[in-house]
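Hello,

Here is the structure I promised to pass on. Have a look first, and my notes follow below.

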Amino acid sequence: MAPPAARARYIANKADNQILSKKPPKRLGLNGSNKDPAPAGKKDKKQKDSKKRKQSATGSQEKSSNPNPIMPSVQTAFKTFVSARLCSAIWAYIADCDETFNYWEPLHYIINGHGLQTWEYSPQFGLRSYTYLLLQGVPGYFYQKIFNPSPILIFYMVRCMLGFGCAVMERFMYKSICQEFGIHIGRLWLIFQLFSVGMFVSSTALLPSSFSMYFGCAALAAWWQRNYCLAIFLTAISALLGWPFAALIGIPVVLEMLLRQRDWKTFVQWTLISGASIAIPMIAIDTSYFGKLTFAPLNIVWYNVFTSHGPNIFGTEPLSYYIVNGFLNFNIIWLLALQLPIMLVMDYLIVPAKSKSTLNFPHYISLAPLYLWLLVFFAQPHKEERFLFPVYPLISLCGAITVDVYQRIFFRFKSLVFKIKAGVHYLDHSMFIAILVMVTSTLLGLSRVFALYRNYHAPMDLMLELNQFKADPQYNPNFIYNVCIGKDWHRYPGSFFFPARNFRLRFLKSEFRGMLPAYYVNGDNATQVVHPYFNDLNQENEHMYFDYNQCDFLVDFDEGKYTALEPNYSKRSKEWTVMKSLPFLIPEKSHKVLRAFYVPFLTDNHIQYGDFNLLKRKPKRNGR
């Protein structure tokens, strides 16, 4: 339970930042926050706390000079989240080939009966869970069986479903943030989330790290509301069904629960309930797919932590990778979030009020999951953008709290220089700081999103052009059409972009020397077959390569660099016609800043595009 002084400050903050919702009986907390009704066992205790809050709030409201500022209701925030995530579903490109080959392709196999399989899905290794795919695939499966739509419609249906799920999480988190940290921080977090490039990319990505973001942050929201049972259950979903390393987010929750609350009984009880209700069905489903006892979360932890090679064979990055990547995805909010621990110390030393502005937990406890996550993953040699997905909403939150700290410190210095009458709230004199940060981060976010779409969306648009061929008189539904790709294999968006089931992706030999995926074999037990060409050492296997002369279509990016294995296919006019060509960024020939952020009238003069081509083979003697 927070001390009375902390509750008084919390309620004063809420009183100074309240607005009536459309339905007056449902308000955010005491002054506008939409609290859930208390459970029956805790009703009396909640009523006593409510009386104390109302008494404290009375005095605070009398001092408030700005009782009704702009404060979006929970319902309004949810609508904006849904709108933003649907925009992501439609316009975000697939930034990670792991998303395509490890999730969209096996999902295509589940729904349409064919798709590419990676070594992680081989029963020999069993690193990926089919249970996770089924959660996304069941709606798409029934959609396909009932309506038989174009595969691309299934793709976007699943994406919209993911975006809506993310918005539900953000609604829950927004409500909890307003209650725990105050409404001012809640509305800052709302703006930062809506225009965050990181959220634009991660919210609709078919990745376990995005799934763990949904449930991991929802678990934190439940924790901040002191709903420990729900927090444990959501953390278990995040770690078992999503990404096992996401359990790291739950460590501060567990430590606070055991060491601060000393509630061992609830912890043990709900850990067993959560583990049994999630792990047992998961093991049963994966065992049926792999044909042997399989617990995928344990396998992936074992591979990444306890094998001699681990994930480092796929590449290592310096510490600066996450620094730069964080700025690209959150711009100045990322920098503000990194400096929050220092700013909280300065706030404690400079601002005279020593009471906490949070309701239940001090900042060093409630925000520990983010900095614990950064501490662990910054230290790993193998770094990828998606590894930070689970804490993206926390970056926005810590950035919002840093802005609030700057506002309080500014008001403190101003009150020392100028005579300010008693009872004036610090927001009355410092809102320009919050507005400046919101406007700057919003403009940078929109600039980055626009740059991503212009620079990297071509492969998805190009594949849609194959739908035009399906309407061509030359199209034969009884033929298997081979769509070949060479050095640009990692930019392939997935089989859902093919117009029909008689199209197959084929790999041409290039300068790449790593492991490529292969198609699931035909048959009912295709997921149980162990293939000799798969390995966990990222070693090349010739089985994956296709005969160039059998290609019907070819996807190739012409960036002006050619080798014997990576020729300029579009110049072979005797063999190919250019069916569609779209611009795609050449990073090495473009300005680092102006390629990352779109600046009108400047960017186009300092970046260079190549041609991303869809080639169609000219008719052969057999007429194809």
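Leaving aside residues up to four places away in sequence, asparagine 325 touches Glu385 and Tyr392, a contact being heavy atoms within 4.5 Å. Glutamate 384 lies 59 residues from asparagine 325 in sequence, yet their C-alpha atoms are 9.3 Å apart.

A word on provenance: this is a predicted model, in which local features need pLDDT of at least 70 and side-chain atom pairs count only at pLDDT 80 or more, while totals for chains, interfaces and linings use all residues. Residues are numbered from 1 along each chain as its sequence is written, and side-chain values use heavy atoms, without hydrogens and water.

Overall, the protein chain has 23 helices and seven strands (DSSP runs numbered from the N terminus: helices are H or I, at least four residues; strands are E, at least two). Of its 624 residues, 55% are buried. Among contacts between residues at least 6 apart in sequence, 78% join residues at least 24 apart.

Helix α12 is worth a look too. The 27 residues of α12 (264–290) should span 39 Å at 1.5 Å a residue, and the end C-alpha atoms are 37 Å apart, which agrees; the expected span is 1.5 Å times one less than the number of residues. Its buried residues, including Phe267 and Met282, pack against α5, α10, α11 and α13. Glycine 291 follows α12, with a positive phi near 80°.

Best wishes

Note on methods: Buried means under 20% relative accessible area, exposed over 50%, partly exposed in between (1.4 Å probe, protein chains only).
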